Structure formats: structure tokens, C-alpha cells
Amino acid sequence: MNTIKAFLKMKTTIIGIATALLFQLIFSIVWMTGFEGVSDRIDKLSIAIVNEDAQSGTIIAKQLSAKLPVKVQTAADMVSARELMDDRSIQMIVHIPANFTALAASPDGKAAIQYVVNESNPSTIKSIMTSIASQITAAANKQAIAAGTRAALSQGMPAEQAAAISDILSERVVSDIQSVNRVNGTNNQMVPMMMVLASLVGAMIMAQNLEVSAAAISSRTGRWQRLAARFAITIPAAIVVSLFGTSLVMLLGGQVGQGFWALLGFQTLFVLTFMLVAQTLLMLLETAGMLLNIVLLSMQLVSSGAMTPRELLPDFYLHLGNLLPATYAVEGLMNLLFGGSGIGSIAGQLLVIAAVMTLVMIGVTALRRAAALDPNAAVQPLSNTVRES
């Protein structure tokens, strides 16, 4: 019992328990509000129709625009539609070929509507788009039935024979679902979230320990020396951590479409950005910075698009994700691992965030007064040290 009391008298014990409670509180609030109503926002997703058939295809395209639960836009050709898909502006292409009407009317043929789904997205996208493809094919079959029945009746055919033709026509239209940027297995699908989660948690814990170290040596070192040391440690650490992480993904059979060096370079960039963000918050807000890091960890996992398409999130989390580095990390990883439009602009966004955090760290250091240096001072515990980052 005395040992338990001794533990409970230590601030670190209380902080540890409080941190565990905070994780429960923060993750519960953020995830319950972030994922609330996701299934009700299907209308935020988009598909593009490429119609090359001037007869039935035109009618089907108009009906889809009015009836589907997603946004429907038209594309001039498959090339422009693929560009929209690579940018993730749309989630599926619906291609109605030029011979669609002729094949649907042919007694010995079947007309196929081609669907192209981009798997370089959260896994939810494929299941949603496959369901929508089934709806479109069913609607096209109804159109074919109605057209065939009208044609039969207009030729004076008895109703019984017209009904028999309708049964045949009901199987005239089939789905041809194709996937681009294929993801090989659930393990690969989870790699972007795994890499981002591991990097965020690692950056947060590293930032806390660097802050402890900075406080411990504050009486023996200058503020600019400590800042320079942070950068001298953080940059190589980001490279080493990323080299280790990228190598593990490759060694464990991960799907890396753009190769080892591209993934290593990009991971180094977003890991360094995560580290700078976490350290900046601690330098700027001290203890409150640790709390904010925990909040941002949860928010970034929700808003990044690693688990759920960002289009389905509430507006608050959608806009918040545009400001946080995890969003760009996930998008860039999907492009590098599975396929997409490249990472040029994404890397630029991460560089901007990293530069802003660096400037804030420099500004905080400049505004804080330098403590008097004592070359004979011994390293003291954090709780007994006058902190200066």
C-alpha cells in the first residue's frame, strides 16, 4: 500500500492516468462527430458519363443525372474522364459505347455499360461505386424493356408475345466493371493509414521527449543553441525513420507503384513535417501543446481520408483537413503506392506547412528571454527545471 501511495504522489503517475483518460475523451468526441452521417453524404461523391451513343445512351444519361444519389457530370471522352479520375475529382466513369443501342436491340447480342472505378481511394469507394453501377445497369435494362415493348406493340404484336420479348430484353444490358490503380489486398489498402498513424504518433512522442531534454539542459545551453540542436536532430531522425519505414513496407511485400526512392523521399518530407508541427505546438503552448497534439492526432486520422472518403465527412472536418499535413500525406501515399496524378503539388503543400512551423519555432525562440547560463549546473528533473524552449 505504501508503494501505491508513493506512486500516486508522483506527478508523472497522475499525468499518465490523465493522458489515458484524455485519449478516450478526445478520440470519442472527434470520431463520433467526424464519422456521424457519413452514409447520408453519398451525394458528395461524383461520377462522369462518357456517352458515345446518340440514341438510348442519351436517354440513359439524362435519367442518371436526375435519379442517381451522386453528382453526375459529363466528359467529352475517356481521356479527359481519366484525368478527372486521377485527380480524384470523380470516383467512377460510366462509359456508354457507340454501339450500345444496336447491341441492346439485337436478339443475339448484349449491350455492356462500362464502369471504371479508381481503387486508389479508401476501400469504401469501390463498394459504393459497385452498388451504383448495379443501379445504372438496372435502369438501362428498364429502358431497353420499355423501348422493345413499344416497338413490338407498334408492329401489332399480341401483348403475350410483347411480354415474352420484354423478358428477353431484360437481360440485354450487362455491367462491365473495370478497376484502375488496383490495390492488391487489404494489407496494401491499409498501408497509407498505417504509415501516417505510425509517423504521427512517433513524431508526437519524439517531440515530448525533445522538450524534456531541452528543459533539462536549459540552464547550461543558450536558446539558439537548443533550437539549432532541435533541427540538427530532427532532420536526420526524419530520414532514418523514413528509411526504416519504407524498407519495412518493401520487405513485407507492399505495393509500391513508383518505387523505393520516390516513397522514401515523400515519407521523409511528411515525417519531417509531422515532427515540426508537434514540436512547434509544444514550444509555443508547453503543456497545452501536448494536449493539442493529441487532439490533432485524432482529427488528422479522421479528416485525412485514410479510412473514409473526405467527401463524406462533415464540412468542418473536410475544411480542417485542408490545413493539416496528414491529408496531403495520405493523398501522396495513395498516388505513389497505387497510382494517381503525381505528388508535385502535394509535396509543395507539405513544404509550406513545414516552412511555417520552422518560422514559428524561430519566432518563439526569439521572443523568449535567454536564461542565465550556469556551466556547473547539473541536469535536473523536468519538474524542478525552469523551462525555456
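**Figure 1. Overview of the protein.** Of the protein's 389 residues, 47% count as buried (buried means under 20% relative accessible area, exposed over 50%, partly exposed in between, with a 1.4 Å probe and protein chains only). This is a predicted model: local features need pLDDT of at least 70, side-chain atom pairs count only at pLDDT 80 or more, and totals for chains, interfaces and linings use all residues. Residues are numbered from 1 along each chain as its sequence is written, and side-chain values use heavy atoms, with hydrogens and water left out. The protein has 15 helices and five strands (DSSP runs numbered from the N terminus; helices are H or I with at least four residues, strands are E with at least two). Its accessible surface comes to about 19,200 Å² (Shrake-Rupley method, 1.4 Å probe; for residues, only the protein chains shown count as cover). Carbon and sulfur atoms hold 65% of that surface. Among contacts with a separation of 6 or more, 77% join residues 24 or more positions apart (contact means heavy atoms within 4.5 Å).

**Figure 2. A nonpolar patch on the surface.** Met-1, Ile-4, Phe-7, Leu-8, Ile-14, Ile-17 and Leu-21 form the patch. Together they have about 760 Å² of accessible area. Helix 1 (2-9) and helix 2 (11-34) are the elements that give two or more residues to the patch. Patch residues have over 30% relative accessible area and no salt bridge; like charges are joined within 9 Å, and nonpolar side chains (Val, Leu, Ile, Met, Phe, Trp, Tyr) within 5 Å. Leu-21 lies in helix 2. Leu-21 counts as exposed because its relative accessibility is 59%.

**Figure 3. Helix 11 packed against helix 12.** Two packed helices are described by the angle between their axes and the distance between the axes. Here, helix 11 (residues 260-285) and helix 12 (residues 287-303) pack at about 145°, with axes 6 Å apart. Axes are lines fitted to C-alpha atoms, for helices over the stretch in contact; angles run from 0 to 180 degrees between N-to-C directions. From helix 11, the contacting residues include Phe-274, Leu-281 and Leu-285. Their partners in helix 12 include Met-290, Leu-296 and Gln-300.

**Figure 4. Three salt bridges.** A search of the whole structure finds three salt bridges (a side-chain nitrogen of Lys or Arg within 4 Å of a carboxyl oxygen of Asp or Glu). Glu-211 and Arg-230 meet at 2.5 Å, N to O. This pair links distant parts of the chain: Glu-211 is in helix 9 (residues 191-216) and Arg-230 in helix 10 (residues 223-251), 19 residues apart. Both Glu-211 and Arg-230 are buried. The side chains of Glu-286 and Arg-368 meet at 3.6 Å, N to O. Glu-286 lies in the loop between helix 11 and helix 12 and Arg-368 in the segment after helix 15, so this pair ties together parts 82 residues apart in sequence. Glu-286 is partly exposed at 34%, whereas Arg-368 is buried at 18%. Glu-119 and Lys-126 meet at 3.0 Å, N to O. Glu-119 is buried, at 8% relative accessibility; Lys-126 is partly exposed, at 38%.

Figure 5. Ala-139 sits in helix 6 (residues 123-154) and is partly exposed, at 29% relative accessibility. Its C-alpha atom is 8.4 Å from that of Gln-63, 76 residues away along the chain. Ser-345 belongs to helix 15 (residues 344-367) and is exposed, with a relative accessible area of 61%. Ser-345 and Tyr-328 are 17 residues apart in sequence and 9.3 Å apart, C-alpha to C-alpha.
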